[in-house]
Amino acid sequence: MGRKIITNGLLLLFLGGCILNTGERWNTERPHPADHIKEIPDLYPLPDSLRNPGSFTLSQMALGQKLFFDKRLSANGSISCASCHKPQFAFGDSIALSLGTGGYSTQRNTPPLFNLFRQNRFFRDGGVARLSEVALSSMNEIHELNLPIDTLVRRLRSIPEYAQDFNRVYKRMPDPYTVMQALKSYQLSLLSGSSRYDRFRYRKDSTALTPAASRGMKLFFSEATFCTSCHNGPDFTDGLFHRNGIPEVGRPDTGRARISMNWGDYARFRTPSLRNLSFTAPYMHDGRFNTIKEVLEHYNRAVLSNYSNSLPSDSHNLPSDLPRTGRVLTTAELQDLEAFLKHLNDSTFVRTPAESTQ
Ligand code: HEC
Ligand code: HEC
């Protein structure tokens, strides 16, 4: 109990730091983004470099944090990375498509950001191979920040506080490389591994799961569902691209085929993590499902062979990659499965709305 209060206090201090950070000189005494790593069980698989970052890494993370929340990173100063990747929604967004500069909508649902060190391809179609390059693409994108990196670098150089920060951290003026490195370092510090499930799995705390979640966990890892054929590993994703049986509705999205140029990859999307689902609705690449229940009902229908007959007339069914091994679950089983998925939420990772107003 006592420890919890102290931890929350630290978290609040840190969050306060985030808000004050915008447009203000970074103060080295402020609690650091990496502070919540202490909540993650020791057995949870984390690289040493992230569990115990050195002081250079810490200073890069803090500079990256400042950039991430700074609206001066967009063409007209109206949005920052955090306007779409919102801390209180596990660095995702709560609407199907986010709004970029000039009121443009994004083409896809904004993915949440955490445990990116495990990800080797970025974007829902895997179109970007390196984390440091994601920022570039979002700067150039007219639907997003719409501010090319050379313009951004010129802007940062003219802001004395950034000139000082970059000189202190990198011993040089802001340039495309250091801006991308700082943003990357901050994003690597977004680690989520202290859900109730993690307490059960990595702290061996048998009280961490409710009876319903425990039943749901057995279903999840069993052949009654087919979930772990794609949602596996520490983050519940195989990192590969699949069609999970959702029909094509509205504007078509070619998915992985856009990158691989292989028609067989049409409408395949990267398997998303199942951590923090309570914070990351709506779901799928286009945000079509609003609740976990709707998602589970989709999978439950998808095991039926006559599923395609029950689709609305304006949708188009695609061949799915779902293995046909599952069975239709009862309402009680669906509730158990949902209870299990909710035990993958990590509330220490997610900030409250008041703490992330950027
Ligand atoms: C207008 C909303 C918006 C803004 C602003 C924005 N992003 Fe994104 N971000 C998205 C969307 C949408 C995607 C998914 C793109 C896709 O899959 O095609 C994305 C994808 C990403 C990814 C890949 C995540 C994954 O799991 O594949 C990272 C990392 C990321 N953004 C970081 C950033 C950074 C850093 C900034 C600021 C420099 C930024 N974003 C600004 C909407 C935004
Ligand atoms: C064939 C691989 C595959 C299987 C099997 C599978 N999924 Fe998925 N799942 C995916 C893909 C791919 C997506 C993302 C689709 C998209 O972006 O449109 C997804 C999305 C989801 C989402 C939404 C996550 C988000 O952030 O949008 C949930 C929840 C989910 N799956 C749960 C499950 C459960 C529970 C099972 C077992 C009943 C299951 N999945 C079986 C591949 C699979």
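How far apart should the ends of helix α3 be at 1.5 Å a residue, and what separation do its end C-alpha atoms show? In this predicted model, α3 covers residues 55-68, and its 14 residues should span 20 Å; the end C-alpha atoms are 20 Å apart, which agrees. Of its 14 residues, 10 are buried, so α3 is largely enclosed by the rest of the structure. The buried residues are S59, Q60, M61, A62, L63, G64, Q65, K66, L67 and F68.

The protein chain holds 14 helices and four strands. Buried residues account for 37% of its 358 residues. Among contacts with a separation of 6 or more, 70% join residues 24 or more positions apart.

In soluble globular proteins, nonpolar side chains tend to be buried together. The largest nonpolar core here has 25 residues, of which L67, F68, L73, L152, V179, A182 and L183 touch the most other members. Two or more residues of this core come from each of α3, α4, α5, α6 (149-157), α7 (160-170) and α8. Apart from this core lies another, of 16 residues, including L209, F220, V295 and L341. Returning to the largest core, its member A182 is in contact with Q60, L63, G64 and L67, once neighbours within four places in sequence are left aside. Those four contact partners of A182 are among the buried residues of α3.

The two ligands can be described in turn. Ligand 1 has 25 residues around it, and C81, C84, G100, F123 and R124 come nearest. The elements giving two or more residues to this shell are α4 (81-84), α5 (131-140) and α8 (176-188). The largest share, five residues, belongs to α5. By class, the shell around ligand 1 consists of 14 nonpolar, eight polar and three charged residues.

Around ligand 2 there are likewise 25 residues, with C227, C230, N244, Y283 and H285 nearest. At least two residues of this shell are supplied by each of α12 (277-280) and α13 (292-302), and the largest share, four residues, comes from α13. Sorted by class, the shell around ligand 2 has 15 nonpolar, eight polar and two charged residues.

Helix α13 also deserves a look for its packing. I292, V295, L296 and N300 are buried in this helix. Seen down the axis of α13, the buried residues fall within an arc of 140°, so they line one face of the helix. They pack against α12 and α14 (331-342).

A few details of the backbone complete the picture. The peptide bond from A281 to P282 is cis, with omega near -5°, and P282 sits in the loop between α12 and α13. Two residues other than glycine have positive phi values: A90, near 55°, and M261, at about 60°. A90 is placed in the loop between α4 and α5, whereas M261 is found in the loop between α11 (257-260) and β3 (269-270). Are these two residues buried or exposed? A90 has 25 other C-beta atoms within 10 Å, and is therefore buried. M261, with 9 C-beta neighbours inside 10 Å, counts as exposed.

Note on methods:
Residues are numbered from 1 along each chain as its sequence is written. Chains are lettered from A and ligands numbered from 1 in the order in which they are written. This is a predicted model: local features need pLDDT of at least 70, side-chain atom pairs count only at pLDDT 80 or more; totals for chains, interfaces and linings use all residues. A residue is near a molecule or strand if its C-beta atom, placed from the backbone, lies within 6 Å of it. Ala, Val, Leu, Ile, Met, Phe, Trp, Tyr, Cys and Pro count as nonpolar, Asp, Glu, Lys and Arg as charged, and the others, Gly among them, as polar. A residue is buried if 20 or more other C-beta atoms lie within 10 Å of its own, exposed if 12 or fewer, and partly exposed in between; C-beta atoms are placed from the backbone. Two residues are in contact if their C-beta atoms, placed from the backbone, lie within 7 Å. The expected span of a helix is 1.5 Å times one less than its number of residues. A nonpolar core is a set of buried Ala, Val, Leu, Ile, Met, Phe, Trp, Tyr and Cys residues joined through C-beta atoms within 7 Å. The arc is that of the directions from the helix axis to the C-beta atoms.
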